[in-house]
Structure formats: C-alpha cells, structure tokens
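Walk through this structure by following its charged pairs, then its sheet and its cores.

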Amino acid sequence: MLQAKMKFSSRIQAILLVAFIYPALMVESLVRHYNFRVVLKSTTKLCSSKAILTVNGKFPGPTLYAREDDTLIIRVTNHGNRNVTIHWHGVKQLGTCWADGPAYITQCPIQPGQNFIYRFTITGQRGTLLWHAHDSWLRATLHGAICILPKLGTPYPFPTPQKERIIILSEWWKSDVEAVVDESTQYGLPPNISDAHTINGHPGPVPGCSSQGFTLHVERGKTYLIRIINAALNDDLFFKIAGHNLTVVEVDASYTKPFQTDTIFISPGQTTTALLETNKDIGNYLISVSPFMDAPIGIDNFTSIATLRYKHTPRNSTTFLTSIPPQNATPLTATFIDSLRSLDSKQYPANVPLTIDHSLFLTVGVGINPCDTCVNGSKLVASVNNVSFVMPTIALLQAYYYRIKGVYTLDFPPKPPNPFDYTGTPPVNVQTANGTKLYRLGYNSTVQIVLQDIAIILPESHPIHLHGFNFFVIGTGLGNFDPDKDPKTFNLVDPVERNTVSVPTGGWTAIRFRADNPGIWFLHCHLEVHTTWGLKMAFLVDNGEGPNESLTAPPSDLPTC
C-alpha cells in the first residue's frame, strides 16, 4: 500500500511539473469572472467636485484581462441612479450578439437595482480594446481597458516587451454630463464642450487650478508595451512623449506592420498599441494630449499634460518638453493613417473580401430639422443617407427574435435618396428624414461601404464604429468619392483591420467586411454628439445554416424595458 501511494504521489508530482513547464499543454483557455458594480462616487477634479457614475468606484474603471479564446463572465449590478448598459467595444461577439451591450439595440438597459450577466468568448483577437457604457453620455466616466493576451505559448509578432502600461484618454466636464446633453437636446443646440482632457483620469494643471497630473514611471533600458485608448466622447486626439518615438504594432486588437512615429493620432473608440524604448537620459519627459480639429467647430482645445519619469530621477529635475501639433494638423493625421498596414503574415493574414455582394454608399453628416420647443424653432440633427435614426423603446434584437412588429423597418437606403455635390454646395433643403431603418445582410455575404462626409452646415471628420465585426480600410481620399477612378487605388493586399475608422473632413473612406455573425449590429459615429443627433443605423444579419450560424436564444436574465 505504501509503495502504491508513493507511485501515485510521484505521478501527481510529474503531472504538476509538466503543467508548470508546459502550461499551454494543460489549459488552452480559461473562464474569467468579473464583477462590475456601477456606483456613484464623489470626485474632485479641476478644483471642483461632483458625483459621477463609476464601476467599482474607479475612474477609469477596472481593466479586463483575458487571453485569446478565453470566456468572460461579467456580472454588472446597477447601484447607480440611471439606466446603464456596458458595451465591449471591438469584441466581435461571435454568436453572442445578446452580450454586445448598446441600449435599445441588443438589450434593454439595466435599471437601478438590477443586474445582468454578460457572457462572451474572445475569438480570433489579441491586443487592446475598451469597454464603456452605451446609453446616453454615461461613457464619459464609465469606461476602461480590455487587454487580450495571445494564447499561451504564442509569442508576439514583434520584440517581446518586458513591461506594459495602459494609457486611457478621456474628457472631463465640471458640470453633470447628463445635464449637459439634456440641455442641448432641449434647446436643439450643440452641447457645451468639455473643460479638460484627462490622462488615466488626471487632467493635469490647468489655468486657475494646479491639479496633479498623471506620472508614467519607467526604468531605463526596458521595452514597454503602451496600450493607448481614446475614451473621449467628442475629440480626436494627438499623443506624444517628449524625446521618444513609439513603434506602432497593433490597432483595435489587430496586428500591424511596425512603424515608428513621434505622434499618435487616435479617434474616439480607437486603440493603439506601441512599443516604447526607454533609452534616454534619466529625467522627466512631458507627455502631451491635444485635440485635432480641421474644421471651424468649437472643441475643447486645452492640452492635457502628464510626465514620463525615469527611475532614479532626482527630485525637482527639469522636464524635457515637446512641441504640440497644430490643432488643424491634417497632414500629420493623414501620414499616420497612411502608415497603418495589416501585418498580413502567414499566421495573421489579411483576408480581404475580393468579391462584393452588397455595395453601399453612405453619407454621414449633419442637418437642421424643425423643432417647436427649440431656439429659433429648429434643431441640429445628424444622419446616415439623410436618415436620422430614431431609437426604439424596446431592443431591436428582442423585436427581431420575438417577431414583434412595428419596431423597425428593413428599408434603409443603400445610397443617398437625393444625390448632390457632397463636399461642395449643399442642397437648399437640409432637413433629414426620421426612422428606425435597418439594412439586411445575408449570412456570410461580403460588404463594401463607402463612407462619405458631407458639407451640409460644415464638413468634419467622423470616427465610424461598426459593432460585431472588424473591417478592412481599403481606401480613403478627399472630396467626393469617384466610383470610376477611386476603386483603382484600393489596397486589397494589406489594408489595416479596425473596428473604428476616421472618415476625413470633406472626404471619404471605403471599408470591406464579411457578414458572418448573425444578429443586429449597430453602426454609428463615435462622436457622442453626432450619435445623439441621429448619425447611426443598424444591420440585420440573417442566420446561416445550423445552430453554429444562428442567433441563440436570449439569456434568461436579459433586462426588460
């Protein structure tokens, strides 16, 4: 008996040793559990205090860590004072449309005192994404990072970093953000701009308030993986570190061909992961976050600053400074965007659709509609193909699954109903139609969308986000898209793969994707002001064959409206 026990013990030790040395052979994926408690917290910034909604009392919120193929189970309990949903921005949600999170699109909101469990698997993605609230403007303070590591045993396709850091960029209002948007909606006017930008929740010093800024602590001679996230509501941003270049290796959880730059351009909803070599002299180096806007539109033009501080830097050392990009530095943004290319390796190919089943031409911009209660009897609106989207009172996905009639129609126009010179002289009538219109896609069909900015009121850039899919950015240009000439310039070899793309001011961007994920998927501008005004629509993707290609039944705890 003793000999048998010794043999059994030795066998267990051997198994544990193999598990320690070769963990990938033992566990290919994990189920990771998180608890999100949405709570009010009194917070002081810019020498002013207010109560904000947070997750677990943190701003920014907690980071989700996972590996490719892991399953996440996240219980969200609403202890706040407003309805809320959480969107896992950029997660493809293959087969889990119910967990996507946009209010009244895939679910009804989680009401105060209620909870909902989000369940989804990270499939075919690795890199940096973000989560945020997706109801009204609550994502101003309800947001955080999603860090997806490669599968165990799978190396990065770039030099392995020794350390990593997360940088979340956002905006801060001294006022209650929901009061800001409510007032804007009531009077039909643009909302008040934010009072500052924040870096990991810190605005840094501003005129009239010497608030503390964020400090990025580093050691000399290391390679850092820097995960940069733009969680701002309405501002495109530049990110710089004095005296240091950054090597971009991934955007929106898709690997890129590495390239060096001293300035990151990043739109709301986008992520950029870069390598930072800490090879400079010991000291303090300025980090700057400044806005980009190349149209005469009011924005928060304040530059937020932080400090990169090397270990062993003497106290009271001077800080190395950097130049701030001009606010209208369009050539700088164009150079950055043009440098982005998919890695397109054997392991990570760029599977660009080469044939197209659906070709859509979507105009994106603003207009003016009548409003009896608004200033001057009119209000600013936004639209896609001249349709300002009307939010339903129950979730579109529930209406689709349960075949509830009268909630939406399937007549969204694939091209503008009334063509005009999109970037030239606007039409006399700048009103938009209202409706909850969807566009239907067959399962596994291939889709090309040309997104065209329009010059009604003013042209401006639009970061367009598509839920449920990544897409390839095959082309971009200024002026009106030319269907005869411009497709000849498309990059169908190694275009960058994203989930959010910036349509240039007075220009166009072309994307392609495969509709292999059944459900209802939101497409909208990630400038919250434009989403509020109606610059949004949705795709209904049909089921394929069998349960693996079909929308599942809703979870039993799905919130009700």
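In this predicted model, Arg440 is partly exposed, with a relative accessible area of 40%. Arg440 forms a salt bridge with Asp542; their closest N and O atoms are 2.8 Å apart. Arg440 belongs to strand E25, while Asp542 sits in the segment after strand E33 (536-541), so the pair ties together parts 102 residues apart in sequence.

The structure holds twelve salt bridges. One of them joins Arg227 to Glu164, with the closest N and O atoms 3.0 Å apart. Arg227 lies in strand E12 (residues 223-230) and Glu164 in strand E9 (residues 163-172), so this pair ties together parts 63 residues apart. Arg227 is buried, at 1% relative accessible area. Glu164 is partly exposed, at 25%.

Another salt bridge links Asp494 and Arg341 (3.8 Å, N to O). Asp494 counts as buried at 14% relative accessibility; Arg341 counts as partly exposed at 31%.

The largest nonpolar core has 121 residues, and Trp88, Phe239 and Ile449 touch the most other members. Beyond its sequence neighbours within four places, Ile449 contacts residues including Leu360, Phe513 and Phe539. A second, separate core of 13 residues includes Tyr422, Val450, Ile454 and Phe490.

Notes: Residues are numbered from 1 along each chain as its sequence is written. This is a predicted model: local features need pLDDT of at least 70, side-chain atom pairs count only at pLDDT 80 or more; totals for chains, interfaces and linings use all residues. Side-chain values use heavy atoms; hydrogens and water are left out. A nonpolar core is a set of buried Ala, Val, Leu, Ile, Met, Phe, Trp, Tyr and Cys residues joined through side-chain atoms within 4.5 Å. Buried means under 20% relative accessible area, exposed over 50%, partly exposed in between (1.4 Å probe, protein chains only). Contact means heavy atoms within 4.5 Å. A salt bridge is a side-chain nitrogen of Lys or Arg within 4 Å of a carboxyl oxygen of Asp or Glu. Helices (H or I, at least four residues) and strands (E, at least two) are DSSP runs, numbered from the N terminus.
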